[in-house]
Amino acid sequence: MKNLYFEDFDVGMKVESAARTITESDIVMFAALTGDWNPIHTDAEFAKKTIFGQRIAHGLLTLSVVAGLLVRLGLTERTIVAFYGIDKLRFTKPVFIGDTIKAVLEVVGKEEKEGKPYGVVVYNIKGVNQKGETVITYTSKVAVLKKHPQA
């Protein structure tokens, strides 16, 4: 399933990504990139005293990893026009160093854009850990090229 067009998406379609393990290096590099050195993410001794008992990945790191896993699927690599946005973003469980995350995408809607060479596909997306627990959930909208822009 590579380079799908707007017409190729059907409501109810589900896709699951490969998995990826979150490492200490991921957290350190993300902290350096963003400047978010909160000790809950970067200080093992501090994190031991929190409700989590250990360091947790940044929520936005988890979001970025899930987004990257979806990009690797290649669904719209050459047909994407624009990323429209995210709604209903929730971080539902902590992600720890060593957790393995996969992305699960379900098409929940399509919005025709009359007179435009694209339509908008609406996804419900979940990041799921190795225990099958949902760690992040959100709705995403993506503008995708039409096969027949005049249609």
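A salt bridge here is a side-chain nitrogen of Lys or Arg within 4 Å of a carboxyl oxygen of Asp or Glu. With that cut-off, a search of the whole structure turns up 7 salt bridges. Keep in mind that this is a predicted model: local features need pLDDT of at least 70, side-chain atom pairs count only at pLDDT 80 or more, and totals for chains, interfaces and linings use all residues. Numbering starts from 1 along each chain as its sequence is written, and side-chain values use heavy atoms, with hydrogens and water left out.

Start by selecting Lys102 and Glu16: their side chains meet in a salt bridge at 2.9 Å, N to O. Lys102 sits in strand E3 (residues 100–111) and Glu16 in strand E1 (residues 14–21), so the pair ties together parts 86 residues apart in sequence. Strands (E, at least two residues) are DSSP runs, numbered from the N terminus. Lys102 is partly exposed at 26% relative accessible area, and Glu16 is partly exposed too, at 48%. For those labels, buried means under 20% relative accessible area, exposed over 50%, and partly exposed in between (1.4 Å probe, protein chains only).

Next, pick Glu111 and Lys141, whose closest N and O atoms are 3.2 Å apart in a salt bridge. This pair links strand E3 to strand E5 (residues 134–145), 30 residues apart.

Last stop: Glu112 and Lys146, a salt bridge at 2.5 Å, N to O. Glu112 is in the loop between E3 and strand E4 (118–128), while Lys146 is in the segment after E5, 34 residues apart.

Definitions and conventions:
Helix = DSSP H or I, 4+ residues; strand = E, 2+ residues; numbered from the N terminus.
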